[in-house]
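Please look through the model shown here from its overall fold down to a few of its rings.

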Amino acid sequence: KTDEDALAIVNALPEDFKKRLHSYFRRSSELLRHFFGLRKLAETAQGTTNYTLYTQKQRKIVTGMESVYREIDGLRKELEATGETGELMRKMYLQIMDQLNWVFKLHREGSGGGGGGGFVTIEEF
């Protein structure tokens with residue numbers, strides 16, 4: 001498919017969906033940014049009193065992500081029987097959910113890897 005084909009598909013999507021998708025993308029991106037920022041701070045603060053503060057804040061961020069995830073999941077379930085356009089919209093929401101799932105896994109495992117955990121930082125580039 002060409003860029004024109006992709007644009008035609010996007011333009012055919014309901015405006016309400018596009019607004020919601022954009023809102024969820026912005027919300028999840030902001031939560032992800034804070035999560036990885038706090039993760040890096042916690043990594044450098046291990047053994048200090050700030051470590052507990054950073055990890056508590058990180059848990060709150062994860063709670064916010066879980067809320068966004070549940071909202072998107074509910075919307076995806078509403079789209080299950082809405083044909084080809086509904087399936088396309090479900091797949092678009094799934095991209096955000098996959099990112100959040102990856103963070104949930106990192107958080108559960110308590111992995112402390114650095115560099116923003118999967119996001120390329122300037123130092124790594």
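Helices (H or I, at least four residues) and strands (E, at least two) are DSSP runs, numbered from the N terminus. What you see is a predicted model, in which local features need pLDDT of at least 70 and side-chain atom pairs count only at pLDDT 80 or more, while totals for chains, interfaces and linings use all residues. Residues are numbered from 1 along each chain as its sequence is written, and side-chain values use heavy atoms, with hydrogens and water left out.

Of the 125 residues in the chain, 30% are buried, a word that here stands for under 20% relative accessible area, with exposed over 50% and partly exposed in between (1.4 Å probe, protein chains only). A contact means heavy atoms within 4.5 Å, and among contacts in the chain between residues at least 6 apart in sequence, 69% join residues at least 24 apart.

Now turn to helix H2 (residues 15-44) and helix H4 (residues 83-109). Their axes, which are lines fitted to C-alpha atoms over the stretch in contact, with angles that run from 0 to 180 degrees between N-to-C directions, lie 11 Å apart at an angle of about 15°. H2 and H4 are therefore roughly parallel to each other, since angles under 35 degrees count as roughly parallel, over 145 as roughly antiparallel, 65 to 115 as roughly perpendicular and the rest as oblique. The residues that make this contact include Phe-17, Leu-21 and Tyr-24 of H2, and Met-89, Tyr-93 and Ile-96 of H4.

Some of these residues carry aromatic rings. Rings of Phe, Tyr and Trp (its six-membered ring) pair if their centres lie within 6.5 Å, and planes under 30 degrees apart count as stacked, over 60 as edge-to-face and the rest as tilted. The structure holds five aromatic pairs. One of them joins Phe-17 and Tyr-93 edge-to-face, at 5.1 Å centre to centre with 75° between the planes, and this pair links parts of the chain that are 76 residues apart. Phe-17 is buried, with a relative accessible area of 5%, and Tyr-93 is buried as well, at 2%. Tyr-24 and Tyr-93 also form an edge-to-face pair, with 6.2 Å centre to centre and 80° between the planes, and these two residues are 69 residues apart. Tyr-24 counts as buried because its relative accessibility is 9%.
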